[in-house]
Amino acid sequence: MWAMVIKEVRQVRRDRRTLAMMIVMPIMLLVVFGYAASFDVSTIRVAFPDGVPDGASLPDVLEPVETSRSDPVDILRHGDADVVVVGDGTGLVASIDGSQLFTARAALQVFTSAAAQGVPITSEVLFNPELDTSAVLVPGLAGLVLLFVGSLITSLGVVRERQAGTLEQLAVMPLRPRDVFVGKIAPYFVVAAVDMVIVLVVGWLLFGVPFAGSVWLLALGAMLFLFVTLGAGVLISTVSENQGQAIQLAIMTLLPQVLLSGLIFPLESMAAGVRWIGYLLPLTYFNQIARGVMLRDAPFEAIALPLALLAGLGLAVFGLAVLRFRSDLAPSRAAALEPVA
Amino acid sequence: MSFGFTDVTVELGGETAIEGVDLEVEPGAITAVIGADGAGKTTTSRTLVGLLSPTAGTVRRPRAEAIGYQPEAAGTWLDLTVSENLSFVARAYGLPVASDRYRELLEVTGLGPATDRLAGELSGGMRQKLAVAMAMLPRPELTVLDEPTTGLDPMSRAEVWRLLARAAGEGTAVLATTSYLNEAERASHVVVLDNGKVLAAGTAESIRSSFRGLLGISATRPLDASAWRRGNHWRVWVPNGSLPPGARSATPDLEDVVTAAAYARQEAS
């Protein structure tokens, strides 16, 4: 037995990546996720298109926000506020954005409690009236599927070529690096797109998740998101020597996205430092786009920022992946294409 | 035009992998690069096809479209069928898929009945023949195969060399590396590498005839001569002088010549 233990210790000691995963990652995850794991909503953005009622004293949790729009549904659809309060002649009506689950629950509690204390206010939840958890989670889960296929499966596909030695063969063949790159990821792009459609259809059929918005807008968001995740997959493959390393790295990138993207814990509830990590993750923006389009029928201008940020992330990650992948093939390529005199 | 190296040195990770290597790979002939593990065979192959850049010296090779290559321990996609492997190569080289060439190679390799089998399900010999067929498919000007016979049984090795001879017969310049000295007889030109340097080069016959000194066979290891174990006896090499007592004279074969040359180099350095 000791022989086995000593052999194993020696192997683990030399596998620095696994060692880092076993020692550094748990500490890092505990610290990061400890600050992230909170369902408490500290701020609810409230729009008062008719102005804040005279003499009203707002609880600290409510933060008045300015908006140029006047229609409550329009304001919520554009994501200008979490709640819109307007007068209806007899009292006040608080329209709450149900696509922000925890914020909506906190807002409902605030306004129900205010009504119980005699404030003439009624509440209505829009876009997800039952405050259904699956309605909020399924759009994000579609993103997780894209992440899984895009990052993990793609990286494995490329690493398999390297491990088998066939990447070297491809490098010598008269194929341009971009042919190899695009040819390698195109099937995964199609599989991921089909997977996403399946998740959304299943979500609609089994959990009654609504699809209120434009299919094309969601498709655009999904395409940009895939752009980032496929690039991340190739990037992972370029720094992994075998499939085990690729899986380790892919998990390291998947886990923070699940916990820090706002999929489970609201971004607004996280400590500022941790929230900024969330802003660097593509799932954060896909989540905003998918929830916005599917639940709120968000128009293009309402999700233009997350779309643009996804595109920016895509350019950075995909560009880096192309450069790294080319360097796998290019030293040979440069020399092999031209006869050397 | 021949392909090859002139005084090529390749450094990898600060170590010299091959040094001052000259190599001629003539069209219509097979050049065998022979050497032990770590001698520089794979570095030679990879440099010739352009996967590695030389630190010094000149490399002559055709354009990528005219190179067929089979890397060490690879050459086929295991999860593709025989037919799909060949089709992929055809498409990559811009050739028609089910061409006469494709059918001809299936026939000469005997892979015709196995076209729908996955490469991973083939025996080692059949898989290697598929790899050679894939390298030959585009009728390249230069075909480089890194250890195409390693791990194969003698029959399969003979089959692979038959295919290489066929490729050479079509006018291709073939370079094959191997660690089996007895395969040198099958090549038109042989380059023996030792620790990244050329130990001997020429035809198998010319290398054999380059032997200097005396070779003997002894039942025991002599203390004052270079000797190496072969079978149940010792081969004894004496560059100058006479054989030690108890050793009887023998005719050197290629393995003896190369081993003696390695000893000579060791003593010189």
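Trainee: What should I know before I start?
Mentor: Residues are numbered from 1 along each chain as its sequence is written, and chains are lettered from A and ligands numbered from 1 in the order in which they are written. The model is predicted: local features need pLDDT of at least 70, side-chain atom pairs count only at pLDDT 80 or more, and totals for chains, interfaces and linings use all residues.

Trainee: What makes up the secondary structure of chain A?
Mentor: Chain A has 12 helices and five strands. Helices are DSSP runs of H or I with at least four residues, strands are runs of E with at least two, and both are numbered from the N terminus.

Trainee: Why are α2(A) and α9(A) called roughly parallel?
Mentor: Take the axes of α2 (residues 16-36) and α9 (residues 243-260) of chain A: they cross at roughly 5 degrees and come within 11 Å. Axes are lines fitted to C-alpha atoms, for helices over the stretch in contact, and angles run from 0 to 180 degrees between N-to-C directions. Under 35 degrees counts as roughly parallel, over 145 as roughly antiparallel, 65 to 115 as roughly perpendicular, and the rest as oblique. Therefore α2(A) and α9(A) are roughly parallel.

Trainee: Which residues make the contact between α2(A) and α9(A)?
Mentor: Among them are Met21(A) and Phe33(A) of α2(A), with Met252(A) and Leu259(A) of α9(A). Contact means C-beta atoms, placed from the backbone, within 7 Å.

Trainee: How do you know that α11(A) is largely enclosed?
Mentor: 15 of its 15 residues are buried, so the rest of the structure largely encloses α11(A). Buried means 20 or more other C-beta atoms within 10 Å of a residue's own; exposed means 12 or fewer, partly exposed is in between, and C-beta atoms are placed from the backbone. Across the 341 residues of chain A, 41% count as buried.

Trainee: What are the domains of chain A?
Mentor: Domain 1 covers 44-126 and domain 2 covers 133-337. Such bounds come from an automatic or database domain assignment. Their centres, taken over C-alpha atoms, are 36 Å apart. Eight residues of domain 1 are in contact with 11 residues of domain 2.

Technical notes:
Contact = placed C-beta atoms within 7 Å.
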